[in-house]
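Open the model in your viewer and keep the selection tool at hand. This tour moves from stop to stop.

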Amino acid sequence: MMDIVATQTSRTLVGRDSELKDLESWLREAADEGPSLSGVVVSGDAGVGKTRLLTEVRDRLAADGWRVLAGHCLDLGDTGLPYLPFSEILGRLDNELPEAVATVASQHPTLARLQPGRRTLAAEGGGGATIDRSALFDAVRALIEEAAREAPLLVVVEDAHWADQSTRDLLSFLFTRDFTGSVALVVSYRADDLHRRHPLRRHLAEWTRIPGVRRLALTPLADDAVQALIAELVPGGLSMAETVDIVDRAEGNAFFVEELTSAAAGPGRWVPAELADVLLVRLDRLDDAARQVVRTASVAGRKVSHDLLAAASGLDPAALDEGLRQAAEMNVLVPDGDRYAFRHALLGEAVYDDLLPGERVRLHDRFATALREGGVTGTAAELARHSRLAHDLQTALHASIRAGHDALSVGGPDEAVDHYEQALELLTDPRRTGDLDVDRSALVVNLADALAASGRPQRAAALLGEELELLPSDAPDAWRARLLAARAYLLMITETEDDPSQISEEAYRLVPDGETPLRARVLATHARILTAYRRHEEAQSIALEGLSMAERLQMSDLVSDILVTLSQARHTGPHAGLREALREAIEQSRAAGAIEAELRGHFMLGRSYEDMGEWPEAERAFRQGADRAAEVGLPYAPYGFESRWHLIFQYTVRGHWDAALELAAAVGSPPKIQQGVVDLFVLHIRQARGASVADRLPALRKLWVKEGLIAIHSAPLEMVEAVRAGDPAGVLAAYDDAVELLSRLWQPWFSARIRMAATAIGAIADLFPAVAATDRPALVERAARLLSDGRMVLERYPSPSGLWGPEGVAWTKRLEAEALRLRWLAGDPPDDDDLIEAWRSAATAFETFGDAYQLALVRVVLATVLRATGDAAGAREVADQARSAAHALGAQPLVDQLIALGSRKQRQSAGTATLTARETEILALVAEGRSNGEIGKQLYISTKTVSVHVSNILAKLGAAGRTEAAAIARRRGLLE
């Protein structure tokens, strides 16, 4: 096999930290333990990184004063020169240590026979006495000892799979000898070149039994290491699709990674020409029968069963067995149970690409025939692929549809999408012959279901919308009803300006009468959507009709789905009845294998507990739903993924931030919108811990229109960033933009508007002390409108039960408290008792809800208010509670606020807070929002003098800041 030399190589050793550490420590034992031999045999497939690893360790040892010598075996067939790597080593020493070589050669004359200059054609053919092997071995040993006299010596012999018998014997001799100096001997070989009868096998068995000789097997690089290598090779980065494709195809082989990357190989089956040449050399070692076996196997893909290969190869059993044996011995194919796989996937690709076009079609037709006739076991996906590539498009169409069904049934929604999309293409392919016996509407709905199950419901809804627009006017009502019902459900679980209930109502009117599976499903969908819109009586009536029909038609999955819907529709009062009904529905769904209904049941049960702040029970239900979704291969399906992100939300709220981050990291690689939902909580934690997340927020904004939840949670993140940037306009823009969008998608008085209004008023209050006096009235007026917005939600959009849950109560209390705080700061102070009570109520509500971070924020403000109103002891108690929570969360900005609050002197009593005339004059200007510089110019004093007066004023009033000082002064009548 030819040498593997990458056209583009990494400058950094990637993914081999553990192997490098082990190898280096083993070799250094030779120097640490005194005179000895430390031996290592390094194995790995071609291109896996043996040479790169050895180069790295050689460089490290050389930098520490070691002498390093390397020799290489070459693939010269049966005519190779004996002892070739040692000839190379001798030549190197003759240049570096000529005197040492001369000394050893004078004592061991046979050493001269290994000198490179003596190994020309004329020199070797000139006759002479036969070399005394024992004398030559002693000479090489003496030479190594001489080279190790003044420094530890590393001898590396690479590619021992090509070594001649003499070289192998000499290595065996050296491994078993002691040395007077510190010597390390490393031998590397390609594991994939060692067929069953390879002569190196016997020597390897001997070497690894020798004390002091270790084995190091290099396995393929892990996926993350391959990604790091790609990043090293292409600093500008490749697209995600290209990176994923290279990771998948290279299978951890560094050389293959470098070749695919340097050729910019995009997704597909193409193998760069240079790499294909390297891979196909292996076929030259096979006879005709073995080559035919390998070519046939390449048409099957990475793996093929023995029976299918026998049916497609056209070889008689004896020839097939002999060809398989040879291919396995030469490490082209590897037995895997009753199947055969290529040693490396790229080898199979290269062989397939090397087939002639007509040869490919004929072989695919043989595979398709064998699968279609049922003589061998295979899958619908295999039949679809072989039929399509054999140009039997009618068979390929039906097989693709069946393959999509099979993929969905085993938790492979992404694969199902591929199969259904292929079927849709085949359905309209003009080359296809045969009757149009496929219901296109059913196929499109199957594709939409698969898209939704893979986490792409928005794309599924768009697909159905396009299909409805293209549907001819004379299309059967059944087709239109099927498409409308499927689209209505998807719109209900995504964001839309359409009314899903109207769309499902139309499907309900159009679906033909009679007891059919389609009518039963349309009824079930309509009932579910009516339940979501709280039209419970209508939902129950339609659900019961659908339930009876589904039971008579023995549609167990639909029966389970309708039972979950009835659980919601029937139990709109006390939670206990709903929860018990949901548990029963979950059990029935699990027994019937109705996974979608089961996931919906777990999610609804979790929400029932979460809405009431019953966190442990909610966590249990969401965990069961998320784990069940992952178990069946649907982690991003509706309700399964929702259970997962609600777990992350719950951990975030309860203050289990590290657990939330771990769960977010374990989500994997969901579609973009789902990733955006997960990012919300990660960014919330990072921001609360002091990091800036401003650079991540524009990308989330783009997802607002597709998922309102992202708008609800990321708009407050934007508000906090605006506060840190001192930008009141940015706070209000975040609020206005989110409200405008969500009012359009949902309705104007959505419940989360209370939280957003409270956050916006709080942000304005945080910025108020630094706002110019001229800008303050407009902000106060706008805050009043925000308060009115929040109050309007309570009037226009009461909760279904007429009572808000703990979260709603907490944010309602916070809204009122923030409004009073702003009045206090703006010089229109409420009664002290009213202000304190508002913030105490907010603290109690957030404590009841269980939101650790928001409770800490509220307590910081409450401590400030208590301190400013004279309750220093109460302020310290509340501040201590906030400080403890902030430290536990790692929320450094809160800790910093508390440090600033605690660094002020305690507030003096009203009787001792006597201001001088100048201080009163300066305080009046401070209350107007004037800066120290502006005050100094107006009073004709220096800015430094103003600063001293302001500090004295703050100390006398016990205020934490300028605005608080002005509020205290107004409340005490110290200002006109």
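**Before you start**

This is a predicted model, in which local features need pLDDT of at least 70, side-chain atom pairs count only at pLDDT 80 or more, and totals for chains, interfaces and linings use all residues. Residues are numbered from 1 along each chain as its sequence is written, and side-chain values use heavy atoms, with hydrogens and water left out. Helices (H or I, at least four residues) and strands (E, at least two) are DSSP runs, numbered from the N terminus.

**Stop 1**

Select helix H1, residues 17-32. Show the side chains of Glu24 and Arg28. They form a salt bridge, with the closest N and O atoms 2.8 Å apart. The term means a side-chain nitrogen of Lys or Arg within 4 Å of a carboxyl oxygen of Asp or Glu. Glu24 and Arg28 are 4 residues apart in H1, so about one helical turn separates them. By this rule, the count comes to 57 salt bridges.

**Stop 1: the sheet**

Go next to the open sheet of 3 strands. Its order is E6-E8-E7, and the pairing is antiparallel. Two strands pair if DSSP finds at least two bridges between them. Which strands stand at the edges? They are E6 (303-305) and E7 (333-336); each has a single partner strand, so one side of each lacks a neighbour in the sheet. The twist averages 30° from one strand to the next. Now select E8, residues 339-342; 4 bridges join E7 to this strand. Find Asp336: opposite it stands Arg339 in E8.

**Stop 2: H25 against H26**

Select helix H25, residues 517-532, with H26. The two pack at an angle of about 155°, and their axes are 8 Å apart. Axes are lines fitted to C-alpha atoms, for helices over the stretch in contact, and angles run from 0 to 180 degrees between N-to-C directions. H25 is therefore roughly antiparallel to H26 (the label covers angles over 145 degrees). The crossing is left-handed: the near helix is turned anticlockwise from the far one by less than a right angle. The contact (heavy atoms within 4.5 Å) includes Leu523 and Leu530 of H25 and Ile542 and Met549 of H26.

**Stop 3**

**Stop 4: H38 against H39**

Finish with helix H38 (residues 776-796) and helix H39 (residues 806-825). They pack at about 160°, their axes 10 Å apart. H38 and H39 are therefore roughly antiparallel. What is the handedness of the crossing of H38 and H39? It is left-handed. Show Leu786 and Leu787 of H38 and Leu815 and Ala819 of H39, which are among the contact residues. By class, the contact of H38 with H39 has 9 nonpolar, 2 polar and 2 charged residues.

Conventions: Parallel < 35°, antiparallel > 145°, perpendicular 65-115°, else oblique. Nonpolar A, V, L, I, M, F, W, Y, C, P; charged D, E, K, R; others polar.
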